[in-house]
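The sequence and the structure are shown first.

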Amino acid sequence: MDMFKEGIWESEVASVKDTVKLVQTRLCTIKIPYCIYLEGDVGLGKTFICKTIASYFDIENLSSSSFSYLNIYYSHVKLIHADYYCNKTSDEFFYNNIYDEINNKTILLNEWSPCYHFIDIPQYILNLETTENEKRKFIFSRLR
């Protein structure tokens, strides 16, 4: 079974305030459970977006998982933040450490994942780019 991306929306933001507003209105309102794969170069705001989503759900202590690979946070949702920047064994790590943690209250945020996984919750891809005029471009797709 092959997966493909179905484009949903694109948007550009010029400031932190605009980024927070976009994340709160577009990403935090997705029906739970869901998974977002965050893609883009270093420094484009993937972890900032994860922190903004976490804050929206009353989780204030999300930090970069780059060197611990995985953090799980609890509020009225279960937020799993995985960062594969230093971990290239995505499938093995995912199925041994994350898969069984997913339930109907889970938001799974994957940074730097080298592959997509077959799971029973809606999956999305957020690709971040820098535009010529130094804005951040968000490209949001559904993984099918």
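The sections below go from the basis of the model to the overall fold, then to strands, helices and cores.

## Basis of the model

The model is predicted: local features need pLDDT of at least 70, side-chain atom pairs count only at pLDDT 80 or more, and totals for chains, interfaces and linings use all residues. Residues are numbered from 1 along each chain as its sequence is written, and side-chain values use heavy atoms, with hydrogens and water left out.

## Overall fold

The chain contains three helices and seven strands. Helices (H or I, at least four residues) and strands (E, at least two) are DSSP runs, numbered from the N terminus. Their order from the N terminus is β-α-β-α-β-β-α-β-β-β.

The C-alpha trace spans about 40 × 35 × 30 Å along its principal axes. A compact globule of 144 residues would have a radius of gyration near 15 Å, and the 14 Å of this chain agrees with that. The radius is taken over C-alpha atoms, and the globule rule is 2.2 Å times the number of residues to the power 0.38. Of the 144 residues, 46% count as buried; buried means under 20% relative accessible area, exposed over 50%, and partly exposed in between, with a 1.4 Å probe and protein chains only. Among contacts with a separation of 6 or more, 60% come from residues 24 or more positions apart, where contact means heavy atoms within 4.5 Å.

## Strand pairing

Two strands pair if DSSP finds at least two bridges between them. Strand E7 (136-143) pairs with E1 in the antiparallel sense over eight bridges, and Arg136 in E7 is the bridge partner of Val13. Eight bridges also join E7 to E6, again antiparallel, with Ile125 opposite Ser141 in E7. E6 and E7 form a hairpin with five residues between them, and Glu134 in that turn has a positive phi of about 65°.

A further antiparallel pair consists of E3 (residues 70-74) and E4 (residues 78-83), joined by five bridges. A hairpin of three residues links E3 to E4, and Tyr74 stands opposite Lys78 in E4.

## Helix H1

Helix H1 (residues 16-27) has 12 residues, which at 1.5 Å a residue should span 16 Å; its end C-alpha atoms are 15 Å apart, in agreement. The expected span is 1.5 Å times one less than the number of residues. Thr19, Leu22, Val23 and Leu27 are the buried residues of H1. Viewed down the helix axis, these residues fall within an arc of 100°, so they line one face of H1; the arc is that of the directions from the helix axis to the C-beta atoms. An α-helix has 3.6 residues a turn, so residues three or four places apart point the same way.

The buried residues of H1 pack against E1 (5-13), E2 (34-39), H2 (46-56), E6 (123-130) and E7. On the other side of H1, Lys17 and Lys21 are exposed.

## Nonpolar cores

A nonpolar core is a set of buried Ala, Val, Leu, Ile, Met, Phe, Trp, Tyr and Cys residues joined through side-chain atoms within 4.5 Å. The largest such core has 28 residues, of which Leu27, Ile36, Ile49, Ile53, Leu126 and Phe138 touch the most other members. E1, H1, E2, H2, E5 (106-111), E6 and E7 each supply at least two residues of this core, and H2 gives the most, with four. A second, separate core of 14 residues includes Ala82, Tyr84, Leu108 and Ile121.

Leaving out residues up to four places away in sequence, Leu27 touches Trp9, Leu22, Tyr34, Ile36, Ile49, Ile53, Leu126 and Phe140.

Leu38 lies in strand E2 and counts as buried at 1% relative accessibility. Beyond four places in sequence, Leu38 touches Lys46, Ile49, Cys50, Leu109, Asn110, Glu111, Trp112 and Leu126. Leu38 and Glu111 are 73 residues apart in sequence, yet their C-alpha atoms are 4.9 Å apart.

Ala54, in helix H2, is buried with a relative accessible area of 0%. Apart from neighbours within four places in sequence, Ala54 is in contact with Ile59, Leu62 and Leu79.
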